[in-house]
Amino acid sequence: MKANYINGRFVAGSAGRPNINPSNTDDVIGLYAQADEAETRDAIAAATEAFPAWACGSLQARADMLDRIGSEILARKDELGLLLSREEGKTLPEGIGEAARAGQIFKFFAGEVLRLRGDHLGSVRPGIEVDVTREPAGVVGIITPWNFPIAIPAWKIAPALAYGNTVVFKPAELVPGSAWALAEIISRAGLPAGVFNLVMGPGRAVGQTLIDDQRVRAITFTGSGVTGRRVLLGSMERLAKVQLEMGGKNPLVVLDDADLEVAVTAAVQGAFYSTGQRCTASSRFIVQKGIYPRFVDAVATRLAALRVGDALRPDTDIGPVVDAGQLAQDLDYIAKGRAEGARLLCGGDELRRDTPGFYLSPAFFVDAHNDMAIAREEIFGPVACAIPVASYEEALAMANDTEFGLSAGICTTSLKHATHFKRHVQAGMVMVNVATAGVDYHVPFGGRKGSSLGSREQGSYAAEFFTTVKTAYTAA
Ligand code: TXE
């Protein structure tokens, strides 16, 4: 059984949970320890004790450790990517790409260790000088979802450690394999005991303990809106710092003057790759009437050519849905879409393959309205809808008519409309002639409205959450 990592040691828990391959449910990847509340508190205690020395320790040593972690991940990206695809179901190239991304993130934050800036100012009072510095927030609780099993943990753990915090990391129940592999790499990087801890287990036990414990000074969470609100209320109650990344209902606007090839590629990649299980996935194609018939036909043709199958097979374009619960949710939304009067142009069928798995053909609705459930609620699967509109103005208003605001895209050859859209769409990230999903790691990631709360993740903007500002006055 793969054990939790607490205070510098792997600690076998009392219970183990099987990690099941969604491409082949007969394939059990391994048994993973499940921490309880007491073990979670042990991890918090270890992180609390390790914090003062780590916070004031050698920056060079810290940078070297993060660099070593990044190098090992990159060197082992094929093997880590294989494990990731096997447990989560994204295709092998996507899994390997994600593993490589995790390595690059650790290397980026190895550099950030030495780039954290402060300010030195004069005072309004004579004879006094002012220093503004950033200090680590303290013990950080990290709660992650299943859809990016190594990249999201990396983009939270790496900055937390880089800026001098200690970490208690709770991965999603469905994907403990990548989390454990990452923890094992970190365990050999030379960090003092207690600086990094892994506690696998259920949200209601491990996650809730992190939220409730006064010693955890900051919680960073990615997952569903419902759980996000629970994390927020719990952290607010005891005045802990909190950062939430939740869902999206990301629009891709396609104007009459768009390059059709560009638009179709952005739509198909953005909505259906990674089985649509991305918070930045496009799920609403808002399409101007002049290009609508050609766009809809071209998307359907492209979808018909995609192969849905075992994530590890080289000829697979779209892997399975992550588990039975998510598949049931996807099918439920497909039924709702039909019942509300949208036309299912293609897909939406459960598929049989050589192995038992959660296979679903990409579902493409057309002639939808923005007030339908399939256009308003996050489905989190290979399901998207096309909505016709008359003008750019109508498209922009519809793009903004959502409770979410993570990513938004436009396909157009008009500089005027692209520029206006970038300025006026209510989203944290805007994409012009590229898919809504697919981001860089050195620039901020996050949204507004119901998608995100708190400061941005990734790049140097991550310092905002993982540090706290101190203003010092010195009389000369
Ligand atoms: O999310 P949860 P789940 C959406 C998507 C999906 C749905 C459910 O629609 O169908 O959420 O997925 C931990 N205290 N997204 O169940 O429950 C949990 O153990 C503290 C969108 O995976 O939010 C896991 O580690 N923690 C999203 C993490 O929270 C708790 C990505 C996320 O789980 C907890 C994933 C509690 N009480 C799902 N309960 C996106 N948009 O990126 C659970 N957790």
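Tutor: Let us begin with Asp-367, which is partly exposed, with a relative accessible area of 33%. Please note that this is a predicted model, in which local features need pLDDT of at least 70 and side-chain atom pairs count only at pLDDT 80 or more, while totals for chains, interfaces and linings use all residues. Residues are numbered from 1 along each chain as its sequence is written, and side-chain values use heavy atoms, with hydrogens and water left out.

Student: Why is Asp-367 called partly exposed?

Tutor: Buried means under 20% relative accessible area, exposed means over 50%, and partly exposed is in between (1.4 Å probe, protein chains only). The value for Asp-367 is 33%, so this residue is partly exposed.

Student: Where does Asp-367 lie?

Tutor: Asp-367 is in the loop between strand E17 (363-366) and helix H12 (373-376). Helices (H or I, at least four residues) and strands (E, at least two) are DSSP runs, numbered from the N terminus.

Student: What makes the phi of Asp-367 worth a remark?

Tutor: Its phi is near 55 degrees, a positive value in a residue other than glycine. Most residues other than glycine have a negative phi. Asn-7 also has a phi near 55 degrees; Asn-7 sits in the loop between strand E1 (4-6) and strand E2 (9-11).

Student: What makes Arg-343 and Asp-367 a salt bridge?

Tutor: A salt bridge is a side-chain nitrogen of Lys or Arg within 4 Å of a carboxyl oxygen of Asp or Glu. For Arg-343 and Asp-367 the N to O distance is 3.5 Å, so the pair meets the definition. Arg-343 lies in strand E14 (residues 343-346) and Asp-367 in the loop between E17 and H12, so the bridge ties together parts 24 residues apart in sequence.

Student: How many salt bridges does a search of the whole structure find?

Tutor: The search finds 20. One of the pairs is Glu-135 and Lys-470, whose closest N and O atoms are 2.8 Å apart. Glu-135 is in strand E6 (residues 128-136) and Lys-470 in strand E22 (residues 467-475), so this pair joins parts that are 335 residues apart in sequence.

Student: How do you know whether Glu-135 and Lys-470 are buried or exposed, or in between?

Tutor: Glu-135 has 29% relative accessibility and therefore counts as partly exposed. Lys-470, at 41%, also counts as partly exposed.

Student: Why is Arg-313 with Asp-315 called a salt bridge?

Tutor: Their closest N and O atoms are 3.1 Å apart, so the distance is within the limit already given. Arg-313 is partly exposed at 43%, and Asp-315 is partly exposed at 30%.

Student: Which residues are linked in a network of salt bridges?

Tutor: The network links Glu-72, Arg-76, Glu-79, Glu-184 and Arg-188.

Student: What makes the patch that includes Glu-403 one of negative charge?

Tutor: The patch on the surface gathers Glu-340, Asp-371, Glu-377 and Glu-403. Patches are made of residues with over 30% relative accessible area and no salt bridge, like charges being joined within 9 Å and nonpolar side chains (Val, Leu, Ile, Met, Phe, Trp, Tyr) within 5 Å. Glu-403 has 48% relative accessibility, so it passes the area limit and counts as partly exposed. Glu-403 is in the loop between helix H13 (392-400) and strand E19 (407-411).

Student: Why is Glu-261 placed in another class, and in which element does it lie?

Tutor: Glu-261 has a relative accessible area of 53%, so it is exposed. Its place is in helix H9 (residues 260-272).

Student: Which residues of helix H7 are buried, and what covers them?

Tutor: In H7 (residues 203-212), the buried residues are Ala-205, Val-206, Gly-207, Thr-209, Leu-210 and Ile-211. Their cover includes helix H1 (37-55), strand E7 (139-143), strand E8 (166-170), strand E10 (216-222) and helix H8 (225-237).

Student: Finally, which residues does Asp-67 touch?

Tutor: Not counting residues up to four places away in sequence, Asp-67 touches Lys-107 and Ala-110, where contact means heavy atoms within 4.5 Å. Asp-67 is in helix H2 (residues 59-75) and, at 31% relative accessibility, counts as partly exposed.

Methods. Areas by Shrake-Rupley, 256 points an atom, 1.4 Å probe, with all protein chains shown as cover. Lys, Arg positive; Asp, Glu negative; His and termini not counted. Charge placed at Lys NZ, Arg CZ, Asp CG, Glu CD.
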